[in-house]
Structures are given as C-alpha cells and as structure tokens.
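Here's a quick briefing to read alongside the model.

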Amino acid sequence: NMSGHLMARGEVDAVVTGADRVAANGDSANKIGTYTLAVLAARHGIPFYIAAPLSTLDPETPDGGSIPIEERDEAEVTALAGTCIAPRGVRARNFAFDVTPAGLITAIITEKGVARPPYERSLGGLLS
C-alpha cells in the first residue's frame, strides 16, 4: 500500500515482480496487486520488469484474457479463524491473481535471456 507514495516521492528506480504465467503476447498473470503496481510504475515513469523462469512462458495462450484467474472462497476475507467478521449477508470477491498487460511491462527476464517488446517475437526466441 505504500508503493504509490514511494513512487511519487521518487524513491523507486524500478519494479521487479514474478509471474505465474506469461501469455504469448507478454501479458503476465501474478499475485493480485501486480497489475496495480504496473499501473503505478507507468504513471510515474518507472520501468516495470517481470522476472520469471521459462517454465512460466505459455506460447499456447495468446493473451491475458485467455488465462483463467482463480477466485477463492469469499470466507477467506469475510471470516477469521472460522468466525464471521463481516456483517451478515455481505458478499466479497477474492481473486488470487490479476493480469498485467504487456504494454505496461518494460521487459521479461528469464534464465535464458531478456525479452522486450514485441513479446510475440522475443518470447518465442527464448523458447526456441
């Protein structure tokens, strides 16, 4: 929650996150909140990198819209240790991941090299 404040103050030089899955076009799925960091980084002109092993690259998935996003049980956020902490009838959404569009990603770093836009070409080169 402090990332935007630090970025606005000029105290962040770069953002590096992981990825659980990278689509052929470079869209990347990672833990919820990664997309938010990428948007903040773009707003402040800070490079945003994905560091991920080749095993996360999925050339069969064309884009982030094709990546299934896990939605966990709402009780994970409406209850604590089995006790409801939200008002009766309150519903919650509990996504585990989000997708960062390739256009917000400066480069994707792997153990075989660094891919840069256009990702369709550069990611394919890392896999060959």
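P101 is partly exposed, since its relative accessible area comes out at 33%, which falls between the 20% cut-off for buried and the 50% cut-off for exposed. Keep in mind that this is a predicted model. From P101 we can follow the strands on either side of its loop, β8 and β9, into their pairings.

**Around P101**
- P101 sits in the loop that links β8 (97-100) with β9 (107-110).
- Setting aside neighbours within four places in sequence, P101 is in contact with D27 and Y35.
- N25 is 76 residues away from P101 in sequence, yet their C-alpha atoms are 8.9 Å apart in space.

- Strands β2 (residues 21-23) and β3 (residues 28-31) run antiparallel and are joined by two bridges.
- Across that pairing, V22 faces S28 in β3.
- The two strands make a hairpin, with four residues between β2 and β3. In the turn, G26 has a positive phi of about 95°.
- β3 also runs antiparallel to β8, this time with four bridges.
- S28 turns up again here, standing opposite T100 in β8.

- β9 and β10 form a hairpin with two residues between them.

**The open sheet and its helices**
- Put together, four strands make an open sheet of mixed pairing, ordered β1-β4-β9-β10.
- The edges belong to β1 (15-17) and β10; each has a single partner strand, so one side of each has no neighbour in the sheet.
- From one strand to the next, the twist averages 25°.
- Helix α2 (residues 34-43) packs on this sheet and touches β1 and β4, with its direction at about 145° to that of β4.
- Helix α4 (residues 119-127) packs on the sheet as well, touching β9 and β10, and its direction makes about 160° with that of β10.

Methods. Residues numbered from 1 in each chain as written. Predicted model: local features only at pLDDT ≥ 70, side-chain atom pairs only at ≥ 80, totals over all residues. Heavy atoms only, no water. Buried < 20%, exposed > 50% of the residue type's maximum accessible area, 1.4 Å probe, protein only. Contact = heavy atoms within 4.5 Å. Pairing = 2+ DSSP bridges. Axes fitted to C-alpha atoms, helices over the stretch in contact; angles between N-to-C directions.
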